[in-house]
Amino acid sequence: MPSWVTWLMEAFAASQLSQPFKNSDGNWDWPRIGKTISVGAGGIAAVVAGGWAVFKHFAGRKKAGDKKSGDTNITQSGQGAAFGEDITFQGPASFWPGAVHFGLLLQPLTRQLTAKDSQIAALSGQVAHLTKMLLVSAKRPA
């Protein structure tokens, strides 16, 4: 397999097709090659996606006589949700975590943030002290 790839690359390099991909020094212009590959791949992806959309549009169609008749009945017993054409809930339903859950989620983040704040305050105190020392030493004659 590698010999085929090598042969193909050598044949392309020797052909006149490779000239647009070389700069004035005769070296490969890799940024231009990358742009060309990305544009080509995008075009291929667009054609494949369009073909797939057309296929799905026509392949999914059924004649009126071929469709199954009758409704699907979905029932729900106990707590939970039943998914059919409509969604049916039985029992208490909660879509968001409550205040307790948010509090539990935020506790470690609050501790980390407090620790970082104290570190920043300590460092800013050190910076202020060092700045004061530099200003005092700059005023003294050498």
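Author: Buried means under 20% relative accessible area, exposed means over 50%, and partly exposed lies in between (1.4 Å probe, protein chains only). This is a predicted model, in which local features need pLDDT of at least 70 and side-chain atom pairs count only at pLDDT 80 or more, while totals for chains, interfaces and linings use all residues. Residues are numbered from 1 along each chain as its sequence is written, and side-chain values use heavy atoms, with hydrogens and water left out.

Reader: What pattern does the chain follow along the sequence?

Author: Helices (H or I, at least four residues) and strands (E, at least two) are DSSP runs, numbered from the N terminus. The chain has 3 helices and 2 strands. Read along the sequence, their pattern is α-α-β-β-α.

Reader: What percentage of the residues in the chain is buried?

Author: The chain has an accessible surface of about 13100 Å² (Shrake-Rupley method, 1.4 Å probe; for residues, only the protein chains shown count as cover). Carbon and sulfur atoms account for 65% of that surface. Of the 142 residues in the chain, the buried share is 3%.

Reader: Is Trp52 buried or exposed?

Author: Trp52 lies in helix H2, 3 residues from Phe55, about one turn of the helix. Phe55 has a relative accessible area of 47% and is therefore partly exposed. Because its relative accessibility is 53%, Trp52 counts as exposed.

Reader: How do the planes of Trp52 and Phe55 stand in their aromatic pair?

Author: Rings of Phe, Tyr and Trp (its six-membered ring) pair if their centres lie within 6.5 Å; planes under 30 degrees apart count as stacked, over 60 as edge-to-face and the rest as tilted. The structure holds 1 aromatic pair. Trp52 and Phe55 form this pair at 5.4 Å centre to centre, and with 35 degrees between the planes it is tilted.
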